[in-house]
Amino acid sequence: MTLKLFDEENRQAPRRVTLVRLAGEIARALVGVGRIAVEGEVYRPRVSRGGWTFFTLRDRAAQMEVVLPSSAAKRSRAVDGERVCVTGKLQWANEQGRLQLLADEVVPVGAGAVAELIAETRRRLEAEGLLGVRQRPVPVLPALIGVVCGADAAVRRDIESVVAARFPGYPVVFEETTVSGPGASLSIVEALRSVVDVPGVDVVILARGGGDGPSLLPWSTEEVCRAVAACPVPVVSAIGHESDRPLCDEVADLRCGTPSIAAAAVVPHREELAARFDRCLVSAGASLAARFGEAQRRTGSVDPGQALGATIERAELRLERGGQRIGDCHPSRQLRMCRQRLAGVDWRRPLGEIIGRAKGRLAADGRHLEALSPRRTLERGYAVVSGPTGEVLRFATDVTPGDGIEIELAEGALSASVTQVKSAQ
């Protein structure tokens, strides 16, 4: 029975298609495979003039051509004979009539190769002066804290516990992303951009649990380091544990050994902050009192009459010197006239008049302000009504039946409840 069915299938007429259509069907079938990550050995890599890298990925039983675009070269390493993990998608090349793997990144597998890749990235970043260049201070009281972390509940729980202990309810926004494995570096960059775009974010924490060299490799890629360096707000790096030092630590503004330490460095301590504000207020008050006392002392030591007398004496001296320069051939009539005018001037009178006029204007302004005072309005029988949240009510529709209101009178206040709302006709 099985042989009969097999023969019947072979005797069926083949479906005739054009070569272009067949290539299209192959391409559409490859879409269903999706994005893949496959390991193998790099064989005969070569780089084109445009910066594209071509090599064969092989193991003991199979091989496949790999194409690496120039845009992905900085986060990849393809060395002949090295074992790597290639992340990408399958592609049918119509011109060559072959199947190839279009790579997003090529990451070495093995501690030695990973260390060499990080060393290459370090050399490029150091050449551009991006390592350890800036260390912006973390804001004392950030409006909003952004956190980039993985979906691991432990890291987020550690940060939330620190927030609850230091300042319960402090605003923190979390952006979860892939933190290790193929494609993690691009995901980290996108997550960092997303959290920075949230209005009010003043500082960002990059948080991840511990891991070995290959699992922490995305945090040492050139894309992530450049994104951290270009971040418009300070970045705190808390990747791995105390012994783990990815390259993003050297680009960030602050490096912490664990996510909990990073949270403690960013989240203000509520009680300490209150005590600090109290000390600032006391210091400011003492400084103001000292300055006011010094101003009073200096003002009290001024004698207007003595100052005016000294000024007159200096003026007389200048006039006498001017008369001497004129010589004996000219009479000193002008000098005598100036002396007579100075003697006839009451220097205290204009000063007294100025002070008197200033007092009069000040009293008039005080009376005007007193007339405009809300307290005067209340004394004429009016009242100020505040809503449930303390805002002054101007429209009846600002409250609803059952809301509590406060009525301020000229003397004292009343608490009432709204039973009916009548809108203006």
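**Close-up views of a predicted model**

**View 1. Lining of the largest pocket.** Eighteen residues, written here as 18, line the largest pocket, and Val107, Gly181, Pro182, Pro214 and Leu217 lie nearest its centre. A pocket is found on a 1 Å grid over the protein atoms alone, as an open set of points where a 1.4 Å probe fits, with protein on both sides within 12 Å along at least five of seven lines; lining residues have an atom within 4 Å of a point. The volume of the largest pocket is about 240 Å³, taken as the space filled by probe spheres set on grid points joined across faces, edges and corners. At least two lining residues come from each of β4 (83-93), β5 (98-108) and α5, and β5 has the largest share, with three. Helices (H or I, at least four residues) and strands (E, at least two) are DSSP runs numbered from the N terminus.

The model is predicted: local features need pLDDT of at least 70, side-chain atom pairs count only at pLDDT 80 or more, and totals for chains, interfaces and linings use all residues. Residues are numbered from 1 along each chain as its sequence is written, and side-chain values use heavy atoms, with hydrogens and water left out.

**View 2. Glu223 in helix α7.** Helix α7 spans residues 222-229 and contains Glu223. Glu223 is buried, at 17% relative accessible area; buried means under 20%, exposed over 50% and partly exposed in between (1.4 Å probe, protein chains only). Its side chain makes a polar contact of 3.1 Å with the side chain of Arg75. Such a contact is a pair of N or O atoms within 3.5 Å; within protein, one must be able to donate a hydrogen and the other to accept it, and residues adjacent in sequence count only if both atoms are side-chain atoms. Beyond residues up to four places away in sequence, Glu223 touches Lys74, Arg75 and Val189, where contact means heavy atoms within 4.5 Å.

**View 3. Val224 and the largest nonpolar core.** This core has 29 residues, and Val224 is among those that touch the most other members, as are Leu192 and Trp219. The helix α5 (184-196) is one of the elements supplying at least two core residues, and α5 gives the most, six. A nonpolar core is a set of buried Ala, Val, Leu, Ile, Met, Phe, Trp, Tyr and Cys residues joined through side-chain atoms within 4.5 Å.

**View 4. Cys225 and Cys248.** The sulfur of Cys225 is 6.1 Å from that of Cys248, its closest cysteine sulfur, which is too far for a bond. The structure holds zero disulfides (cysteine sulfur pairs within 2.5 Å).
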